[in-house]
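Here are a few notes to read alongside the model.

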Amino acid sequence: MANVRRTETGPMQSFTTSTSSRRLLPIERWTLAALLAIFLLRLTVAGLAPLSSDEAYYWQWTRPLQLSYFDHPPMVALWIWPGIHLLGDTTLGVRLAAILGSMATTLVIWDATRIAFASRPAGAVTALWLNAALLFSASGVVMTPDAPLLLCWAVALWAVIRLVNGGGVRFLYVLGLALGLGAISKYTIALILPGIAATVLLYPQLRRWLLSIHLWLAALLALACTTPVLLWNSRNHWASFAKQLNHAFATDIPDPAKNLLTFVGSQIGLLTPLLFVFALWGMGWALLAGWRRNRPEWFLLGATSLPILIFFTLHTQSGVVQSHWSGPAYLGGLMAAVGGILHSPRRRFSGWFRAAPLLGGAIVLVVYFQAATALLPLPPAIDALKRLGGWDTLASAVQTERQAHPGSFLFTQKHEATGPVSFHLPDHPPVFLEGHIRPSYYSAAEVLSLKGRNGIFITRARDDGARDLEGYFTRVTLLRRVELRWGKQPADSYNLYLAEDYRGGLFVFGPGYDGDRDAP
């Protein structure tokens, strides 16, 4: 087929594309240059910004690696492991895979958009928009289960779009692999399934795959990938699945209206305002235009985004919804927004279209600067990054008390302090955790060896749990209060106690939720 050149219409109509030419368009060259700059910036920020308590908690999961974990499947630990073996137990080592994964996700979304809208400019612009969204830019530096989840979600969308465009049977297996690996990244991957299923059932060109043996072999591949999670849960009384079901059906919300407003506000802030509006528009446009014009690849983008956002919005009335849980839904929304506007024959929203990534990018730069330096004098009440501050100070105080009280073990009643304290101490000792489970980073034998020893209790000052230790120790004495700071601002405060002569009964050593305790 001869070279075909097409002029893109709409706000980016100065771009041209060729379906067969390999020469990079100006927008593609600019996008590649921007991605290189973003990659280098993220490396710098990742090395300078302190680890969050969650990141340090996930770092503990590599000591040693397990089939799965109570809070999440194992992929986040598997991503951390190569980085710390390459760069050591450093902030950059913990975050390296998140940075590389964000670049891979960007390239997959770029190509998926290019194919879905037969437009190379649309692919390049979507890559820029994605990295201007604060939610995605955060996951490109901070190591959480969302980093591998976003990559798997993007690959799943790409595989279906390739199937729609005659990509062949191999993309069924790519889809199966993406869904399976997504399942051992974060259980949220299950929310993409109804959208994919609806797209397959509603469009004849995809329904034919239902009769193919390859579809069911791909499903078996996805199931095989989940084996580690299934095995771990079977050995731990299905504790992880029970926790997720509790999240899904919890009903103890004292103020549903406030919960809803908080969630909506967090979505606007984390995506950045203009990108949020465009993403919502894109979700609706994709469903309507995809159905009316018989474009399953467009419909897919709406079906795997808008229903998920609606689900989490409704869920705010019955349970707490963390702001990042809905993050994957915006992949399809941003793809549809860029593709839909560039595909439009009218110059629609041109000024806002150009402003959206600029505003988002500016917000991202401010957040990156603050994360790396803590120099902006923001009030603690509005600076969410304050949670990064002071963990090294707390660890230093703990180390001083360990030296003053040799042989004492460390423990706390909530997981937030376990990772940061262990990470910043030179020998990375375990910080034992009160509660209903035994974390993976210490063994049952270690729990059973604690009786008769003294412990250093680490507790948040405003949630001081020292009174709960009565009966488990012969005496509990306050050692000091430690003030955590973020830059020049107060971030939090912790109390350290000496708990003498542990009697037993406080820690779980057996498997599963509410497993056997080290009875006195």
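1. Gly487 has a positive phi near 65° in the hairpin of β6 and β7, where 2 residues lie between the strands. Strands here are DSSP E runs of at least two residues and helices are H or I runs of at least four, numbered from the N terminus. Please keep in mind that this is a predicted model, with local features needing pLDDT of at least 70, side-chain atom pairs counted only at pLDDT 80 or more, and totals for chains, interfaces and linings using all residues. Residues are numbered from 1 along each chain as its sequence is written, and side-chain values use heavy atoms, leaving out hydrogens and water.

2. Strand β6 (residues 475-486) pairs with β7 in the antiparallel sense over 11 bridges; pairing requires at least two DSSP bridges between two strands. Arg475 stands opposite Glu500 in β7.

3. Strand β5 (residues 455-460) also runs antiparallel to β7, joined by 6 bridges, and Gly455 stands opposite Ala499 in β7.

4. Strand β7 (residues 489-500) is largely enclosed by the rest of the structure, because 9 of its 12 residues are buried (under 20% relative accessible area with a 1.4 Å probe, protein chains only).

5. Now for the helical part. The unreviewed UniProt entry annotates residues 71-232 as "domain: Glycosyltransferase RgtA/B/C/D-like"; such annotations may be inferred rather than shown by experiment. Over residues 71-232 the chain is 77% helix and 0% strand, with the end C-alpha atoms 12 Å apart.

How values were computed. Buried means under 20% relative accessible area, exposed over 50%, partly exposed in between (1.4 Å probe, protein chains only).
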